[in-house]
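Subject: Structure for your review

Dear colleague,

My notes on what was found in it follow directly after.

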Amino acid sequence: MRKIAILGASYLQLPLVQKAKKNGLEVHCFAWDDGKAVCKDVSDFFYDISVLDKEKILETCEKVNINGIITIATDICIPTISYVASHLNLISNTEECALLTTNKSAMRKCFYENSIPSPRFTTLRSYMEDSIQHLNYPLVVKPSDRSGSLGVVKVFNESECQEAIEKAIEVSFSKTCVVEEFIEGSEVSVETVSWQGCHHIITITDKIITEEPYFVELAHHQPSNLPQSIQNQIKKITLEVLKVTEVEYGASHIEFKITAEGKVYVVEIGSRMGGDFIGSDLVELSTGFDYVQSVIDIAMNEYQEKNMTFSGQHYSGVYFLSKNTEIILNYFKNDPINDDFSVIKKEIQNDELKDVKSSNDRSGYLIYQADKRIDLL
């Protein structure tokens with residue numbers, strides 16, 4: 001039986017584990033058993049090992065003769081995957097690509113050196129006023145190597161900036177942070193798949209974000225409502241970003257800001273499927289393309305490049321429950337009272353509704369499919 005290693009065991013990885021099992025693969029799952037490892041009981045083998053412990057994971061994968069290694073929606077697993085794959089001659093992006101697509105400092109430097117339109121920035125290991133004097137407020141402070149909006153905050157003056165920098169460095173694995181100029185505008189992401197350096201753009205996702213100072217997603221919708229001319233700009237830059245960050249294989253998730261004047265800026269790239277059910281659910285609901293299957297096929301070196309034409313046959317979206325979105329609570333308790341949309345999945349994970357400061361503060365989700373965009377907020 002062919003074997004696949006999956007890094008991460010939260011609800012984000014569950015569709016991947018389930019699909020791999022459906023493929024008849026023997027699933028070896030690696031993650032801390034922190035009480036949220038829902039994939040533990042679904043996988044064939046579960047290892048209570050941190051996804052950051054690449055040496056231990058390599059040792060285990062080599063011992064059991066793994067045929068492919070993968071994750072979805074989780075940045076911190078990417079460097080370990082590249083490390084293990086490079087040692088076992090498995091399909092993966094390089095370790096340099098892993099760095100450029102997970103470390104925001106290295107990413108920003110790469111964008112700057114390759115003239116990719118992105119915010120002006122600096123990287124810091126401690127607060128130094130002189131190092132940010134060339135930047136114009138408001139600024140955004142973010143840890144160099146975390147995801148899920150953890151530690152990301154908008155600041156308007158020196159005292160706020162200093163506090164935000166100290167907090168961002170504290171939660172950063174590398175103890176560094178990025179300070180960058182804030183770009184006012186709407187936010188979207190681009191979902192792509194790559195095979196042997198050939199890139200295909202699947203769809204563009206519109207995002208609904210919390211108000212400042214935090215930037216946490218409250219909802220996502222596919223396909224995008226942006227004018228076609230803006231979408232064409234985004235697609236052109238997407239291909240440039242994939243090239244300069246050396247992506248060759250698998251899913252990627254690139255985030256953009258679009259100003260009122262129509263200027264397009266890259267926020268960041270992840271060489272993995274978008275989280276928040278974007279890759280695992282919304283892409284297939286809106287385009288018909290089985291995104292999860294494609295990344296499994298790539299990791300197992302069984303991918304066959306098919307007709308990569310994606311058309312928006314449906315609309316799909318996800319809403320996240322929180323204090324910010326309690327207006328939609330009734331939809332979690334009852335089915336829609338009309339036929340405008342179908343609820344595909346919904347779950348209240350925590351009865352306490354919080355004002356969200358990171359994605360960890362969200363209390364549930366509702367995924368829909370429809371013939372038009374459904375605006376509930």
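Helices here are DSSP runs of type H or I with at least four residues, and they are numbered from the N terminus. Please bear in mind throughout that this is a predicted model.

Helix α3 spans residues 78-88 and contains Val84. Is Val84 buried or exposed? Val84 is buried, because its relative accessibility is 0% and the cut-off for a buried residue is under 20%. Leaving aside neighbours within four places in sequence, Val84 is in contact with Lys54, Ile57, Leu58, Cys61 and Ile69. Between Val84 and Glu302 there are 218 residues in sequence, and their C-alpha atoms are 19 Å apart in space.

Helix α1 covers residues 14-22, and its buried residues are Pro15, Leu16, Val17, Lys19 and Ala20. An α-helix has 3.6 residues a turn, so residues three or four places apart point the same way. Which elements cover the buried residues of α1? The cover includes the strands β1 (3-7), β2 (26-31) and β4 (68-70), together with the helices α8 (278-287) and α9 (291-299). Just after α1, Gly24 has a positive phi of about 80°.

Turning to the domains, the assignment for this protein gives domain 1 as 3-92, domain 2 as 120-181 and domain 3 as 186-370. The C-alpha centres of domain 2 and domain 3 are separated by 26 Å. The size of an interface is often given as the accessible area lost when the parts come together. For domain 2 and domain 3, the area buried between them is about 750 Å², with 52% of it on carbon and sulfur atoms. In terms of contacts, nine residues of domain 2 meet 11 residues of domain 3. How many salt bridges are counted between domain 2 and domain 3? The count is one. A salt bridge is also found between Lys142 and Glu268, whose closest N and O atoms are 4.0 Å apart.

Several points of backbone geometry also deserve a record. Most residues other than glycine have a negative phi, and most peptide bonds are trans. The exceptions found are as follows.

- Tyr137 and Pro138 are joined by a cis peptide bond with omega of about 0°; Pro138 sits in the loop between β5 (121-124) and β6 (139-143).
- Gln222 and Pro223 are likewise joined by a cis peptide bond, with omega of about -10°; Pro223 belongs to the loop between β11 (217-222) and α7 (228-244).
- Glu246, a residue other than glycine, has a positive phi near 65°; it is placed in the loop between α7 and β12 (250-258).
- Asn301, also a residue other than glycine, has a positive phi near 60°; its place is the loop between α9 and β14 (315-321).

Glu246 has a relative accessible area of 36% and is therefore partly exposed.

Leu377 lies in the segment after β16 (364-370).

Yours sincerely

Note on methods: Residues numbered from 1 in each chain as written. Predicted model: local features only at pLDDT ≥ 70, side-chain atom pairs only at ≥ 80, totals over all residues. Heavy atoms only, no water. Helix = DSSP H or I, 4+ residues; strand = E, 2+ residues; numbered from the N terminus. Domains from an automatic or database assignment. Contact = heavy atoms within 4.5 Å. Buried area = accessible area lost by both parts, 1.4 Å probe. Salt bridge = Lys/Arg side-chain N within 4 Å of Asp/Glu carboxyl O. Buried < 20%, exposed > 50% of the residue type's maximum accessible area, 1.4 Å probe, protein only.
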